[in-house]
Amino acid sequence: MTEMSSLEKLDALRRRDLYGLLAALFSRPPTSDLIRLLRSGRLPDELGLAQDCPARREFAAFLEESAADRDLERKLTAEHSRLFILPTTLHRRPYESVFLDSQRRLGGKITIGVRRFYDYAGASFIYEDDLADHIGVELEFMAFLAGLETDAVESGLADALRDARRIQSEFLREHLLLWACDLCRQVQEETRSRFYVGLALLTAQFMAEERSRGEAQVPQEGG
């Protein structure tokens, strides 16, 4: 593997892992293992967050506030339920169709469009019923694609690499980037926990980075 390929693989691995972490945190409360990692103070470094990153500052403030809280896991579980499961907390539930469909319909045209991406990429296993356009599932899909990108770089498969990057770019442009930052703003406004402020800031920052990658990350035919 060339030096450039090694760097490409490391970048794809970082993106895969970050997408996977964000997907998990939007889909369910933090696990006991993640809470231990939080308490250790290592999470910002493992995520590669700069010292002046707003998300890092928020996570640090959260850790300082909750250092002696023995009931932290229960409180984070309750806050996750309040934000993402109970229907009255956020202005809109964490589904793309609720954000972008004028009638806020689950299972309609937007949901079907998301499913088509999953099916085309061979990732139909990551969703059930009408949950395809939940923020956690869309993030998990991006983790899946970044994993395909990693495998293609390692194997030197130019066509597979091109396809993985193209689908990522198209899915971001046509779906995830259209609403994820709006959801993050709502979370910041409504949450009672600095942990979820940090999660929203981290997600919004990552989406900005992904937007900047854009079409330039997709190799041209014959390249």
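Predicted model: local features only at pLDDT ≥ 70, side-chain atom pairs only at ≥ 80, totals over all residues.
Arg 42 is partly exposed, its relative accessible area coming out at 44%. Below we go through some of them, then turn to helix packing, a few individual residues and a couple of C-alpha distances.

**Salt bridges**

- Glu 46 counts as exposed at 52% relative accessibility, while Arg 42 is partly exposed at 44%.
- Next up, Arg 105 and Asp 101 bring their side chains together in a salt bridge, at 3.1 Å from N to O. Arg 105 is partly exposed, with a relative accessible area of 42%, whereas Asp 101 is buried at 9%.
- As background, side chains of opposite charge can pair when their charged atoms come close.

**Helix H10: which side is buried?**

- Which residues of H10 (residues 180-190) are buried? They are Ala 180, Leu 183, Cys 184, Gln 186 and Val 187.
- Look down the axis of H10 and its buried residues fall within an arc of 160°, so they line one face of the helix.

**How H7 and H9 pack**

- For orientation, a packed pair of helices is described by the angle between the axes and the distance between them.
- For H7 and H9, the packing angle is about 170° and the axes are 11 Å apart. The two helices are therefore roughly antiparallel to each other.
- On the H7 side, the contact is made by Val 114, Phe 117, Tyr 118 and Tyr 120. H9 brings Arg 166, Ile 167, Glu 170, Phe 171 and Glu 174.

**His 175, between H9 and H10**

- His 175 is in the loop between H9 and H10. Is His 175 buried or exposed? At 8% relative accessibility, His 175 counts as buried.
- Setting aside neighbours within four places in sequence, the contacts of His 175 are Glu 96, Ile 110, Gly 113, Val 114, Phe 117, Glu 138 and Glu 170.
- Val 114, Phe 117 and Glu 170 turn up in the contact of H7 with H9, and they also touch His 175.

**Thr 203, in H11**

- Thr 203 sits in helix H11 and counts as buried, at 1% relative accessibility.
- Not counting residues up to four places away in sequence, Thr 203 touches Leu 22, Phe 26 and Cys 184. Cys 184 is one of the buried residues of H10.

- Arg 104 has a positive phi of about 55°, even though it isn't a glycine.
- Where is Arg 104? It lies in the loop between helix H6 (96-100) and helix H7 (109-120).
- Arg 104 is partly exposed, with a relative accessible area of 43%.

- Ala 158 lies in helix H9 (residues 158-174) and is partly exposed, at 45% relative accessibility. Ala 158 and Leu 172 are 14 residues apart along the chain, and their C-alpha atoms are separated by 21 Å.
- Gly 214 is in the segment after helix H11 (194-213) and counts as partly exposed, at 26% relative accessibility. Gly 214 and Leu 172 are 42 residues apart along the chain, with 8.8 Å between their C-alpha atoms.

Notes: Residues numbered from 1 in each chain as written. Heavy atoms only, no water. Buried < 20%, exposed > 50% of the residue type's maximum accessible area, 1.4 Å probe, protein only. Helix = DSSP H or I, 4+ residues; strand = E, 2+ residues; numbered from the N terminus. Arc of directions from axis to C-beta. Salt bridge = Lys/Arg side-chain N within 4 Å of Asp/Glu carboxyl O. Contact = heavy atoms within 4.5 Å. Axes fitted to C-alpha atoms, helices over the stretch in contact; angles between N-to-C directions. Parallel < 35°, antiparallel > 145°, perpendicular 65-115°, else oblique.
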